[in-house]
Structure formats: structure tokens, C-alpha cells
Amino acid sequence: MNPHKARELAVLLPGWEIEAIEAEELPEEDGETFYDNALAKARFGRLAGPPDAWAIGEDSGLEVEGLGGRPGIRSARYAGGDATDEENVRKLLGELAGVTGDGRRARYVSELVSLSPGLEEFRGTGTLAGRIVDEPRGSEGFGYDPVFVPDGEERTVAELGDAWKAERSHRAIAAGELRKSVCSAAEER
Ligand code: IMP
């Protein structure tokens, strides 16, 4: 898993003792949706881990209105297979050159899927709406955070910082939903 995402999830799911699998070890992301890819990662983790361990898969990305929803599930590889965050951001700003107004509207999506040792499936989904600005600003977060300003804010996510993300991000919303669905299933037993 991308180490930035692993760090965020450790904060968002305290007490879950998450052990991340290196991104290079994971199967190729060939699903058509964030959910498909998150489920494939969870299945892989379930088989790779000890028989009594739970597994979590996360897939996330950025959807931009003026680009017909791109980069979407290809967000990590937007500028190429080994693209850095900076290269992806540069490509995004290049594609959006001359695009104004609603064309710069965007949303982050996070899908979390957890599998119990008996393969019972739990899910959490989160989105964060905002817009893409012209120039990168800020140093926290990762990926497209330096160019993403959430609705109701003036600063980019990279300026708002990790504490803001832990409360309000797409991943925070997805983790809250996932935690709730796992806990309510446990209470029913
Ligand atoms: P994944 O590891 O295949 O799910 O790729 C997710 C990609 O989406 C990341 O590499 C980023 O480019 C982008 N992304 C997902 N979540 C965030 C976020 O919280 N901030 C910035 N970029 C994100």
C-alpha cells in the first residue's frame, strides 16, 4: 500500500493494528471501479495473511469534471506506470490549462473493503468534493493534495494539513463507515 495511505489509515482506524503490504507485491489493478480494485486488494491480503487475520483493501483517486472523470482509477499512474506525485500533478494541470469554472470541479473517492477470516465482506465509501487550482500550494498530504481545494475552503488539502484530512477527507469518511459496519455486525452477534 502507498505509505501515505497506510499512515492515514493507521490514524483513522486506531486499534486495528494494520500491517501494510508493499504496493509492488499487490496484484495489478485491473478492475473497472474503485470498489473492484479495493476488493481485489482485500482478497489478496486475506490469502497472504495468517488464517485468523482480517484484511483491508483500499482504492482511491481523483475524478475531474472537465476530464470526464479522469484520472479516476488511474490516478496513481496518470502520467505513466512509475509516475511521481509531481509528474501526475503536472500532467493534470497541463490537461486543465484553459479550463475554467465547473470544468475544474473534482472529487476524491475512497473505497475500503474489509474481509473477515470467514470472508464476510464489509465496506466503506467516502467522497470529498472540491476544485483544482492553477498552481500547487502546501507541503502536507500527498498525491493531488497541493492542487485540490475542498468546497467551503480557500486552502489546498496540502495547506489544510494532516489533522484536517483525519477529520474530513474522503478516506476519513470511508473509514468511519467501515468501522461502523464492522462494529454493528459484531454487536448483533
Ligand atoms: P491507489 O493506491 O491505486 O489507490 O492510488 C490512489 C491515487 O489516487 C494516489 O496515488 C493519488 O494519486 C490519488 N489519491 C488518493 N487519495 C488521495 C489523497 O488523499 N490525496 C491526494 N491524492 C490522493
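Select Glu 8: with 14% relative accessibility, Glu 8 counts as buried (buried means under 20% relative accessible area, exposed over 50%, partly exposed in between, with a 1.4 Å probe and protein chains only). This is a predicted model, where local features need pLDDT of at least 70 and side-chain atom pairs count only at pLDDT 80 or more, while totals for chains, interfaces and linings use all residues. Residues are numbered from 1 along each chain as its sequence is written, and side-chain values use heavy atoms, leaving out hydrogens and water.

Lys 165 sits in helix H5 (residues 162-168) and Glu 8 in helix H1, so the pair ties together parts 157 residues apart in sequence. Helices here are DSSP runs (H or I) of at least four residues, and strands (E) of at least two, numbered from the N terminus. Lys 165 is buried too, at 4%.

**Next stop: Glu 159 and Arg 137**

Pick Glu 159 and Arg 137, which form a salt bridge at 3.1 Å, N to O. Glu 159 belongs to helix H4 (residues 157-160) and Arg 137 to the loop between strand E4 (121-132) and E5, so this pair ties together parts 22 residues apart in sequence. Glu 159 is partly exposed at 28%, and Arg 137 is partly exposed at 31%.

To finish, select Lys 5, Glu 8, Glu 58, Asp 145, Lys 165 and Arg 171: salt bridges with shared partners join them into one network.

How values were computed: Salt bridge = Lys/Arg side-chain N within 4 Å of Asp/Glu carboxyl O.
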